[in-house]
Amino acid sequence: MKVEEHFENQYLTRTEELRVLAVARETNTLAYTLVLILLKTGARVSEISNLLICDMSLEENPTILIRNSKGKKSRYIPISSDVVESLNEWLKERGKSQKFTTGEVITFYLTT
């Protein structure tokens, strides 16, 4: 059997995206926020799981800093207002102020 060396890109349809977001929203705010970040930024799961709170700027021109990505390069990714809103809601739920603590690691455990 010949192994295909080229695979077509796979992506979610808009209906599938909405379904995934709905399930994540029903789970908890963190799950919804993570799924929203992944869908809206195109960042890799490994990149998002390594985020620090200090890597996020939610003020004017909101961005997240992806450190040591593919090729050991870092880059800034702009984030939309719905991602900012969701991040702020998650930070509020976890009992932190709107101000970020430098170097604090975001914990991405999806348990309730």
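Reply: Strand 2 (residues 63-66) pairs with strand 3 in the antiparallel sense, over 4 bridges. Strands here are DSSP runs of E with at least two residues, helices are runs of H or I with at least four, and both are numbered from the N terminus. Two strands count as paired if DSSP finds at least two bridges between them. The model is predicted, with local features requiring pLDDT of at least 70 and side-chain atom pairs counting only at pLDDT 80 or more, while totals for chains, interfaces and linings use all residues. Residues are numbered from 1 along each chain as its sequence is written, and side-chain values use heavy atoms, with hydrogens and water left out.

Taken together, the 3 strands form an open antiparallel sheet in the order 1-2-3. Its edges are strand 1 (56-57) and strand 3 (75-78), each of which pairs on one side only.

In a regular strand, side chains alternate between the two faces of the sheet. Strand 2 is covered on both faces: T63 and L65 on one side, and I64 and I66 on the other, are all buried. Buried means under 20% relative accessible area, exposed means over 50%, and partly exposed lies in between, with a 1.4 Å probe and protein chains only.

Contact means heavy atoms within 4.5 Å. Leaving aside neighbours within four places in sequence, I64 is in contact with I37, T41, I48, L51, D55, M56, R75, Y76, I77 and I79. I64 and I66 are also among the residues with the most contacts inside the largest nonpolar core, which has 24 residues; I48, L58, I79 and L87 are the others. Such a core is a set of buried Ala, Val, Leu, Ile, Met, Phe, Trp, Tyr and Cys residues joined through side-chain atoms within 4.5 Å. The elements giving two or more residues to this core are helix 1 (14-27), helix 2 (29-41), strand 2 and helix 4 (81-93). Helix 2 gives the most, with 7 residues.

For helix 4, the buried residues are V83, V84, S86, L87, W90 and L91. Seen down the helix axis, they fall within an arc of 165°, so they line one face of helix 4; the arc is that of the directions from the axis to the C-beta atoms. On the other side of helix 4, S81, E85 and K92 are exposed. The cover over its buried residues includes helix 2 and strand 1.

The loop between strands 2 and 3 contains S74. S74 counts as partly exposed because its relative accessibility is 47%. Apart from neighbours within four places in sequence, S74 is in contact with L65, I66, R67 and N68. A polar atom of the S74 side chain lies 3.1 Å from the backbone nitrogen of N68.

Methods. A polar contact is a pair of N or O atoms within 3.5 Å; within protein, one must be able to donate a hydrogen and the other to accept it, and residues adjacent in sequence count only if both atoms are side-chain atoms.
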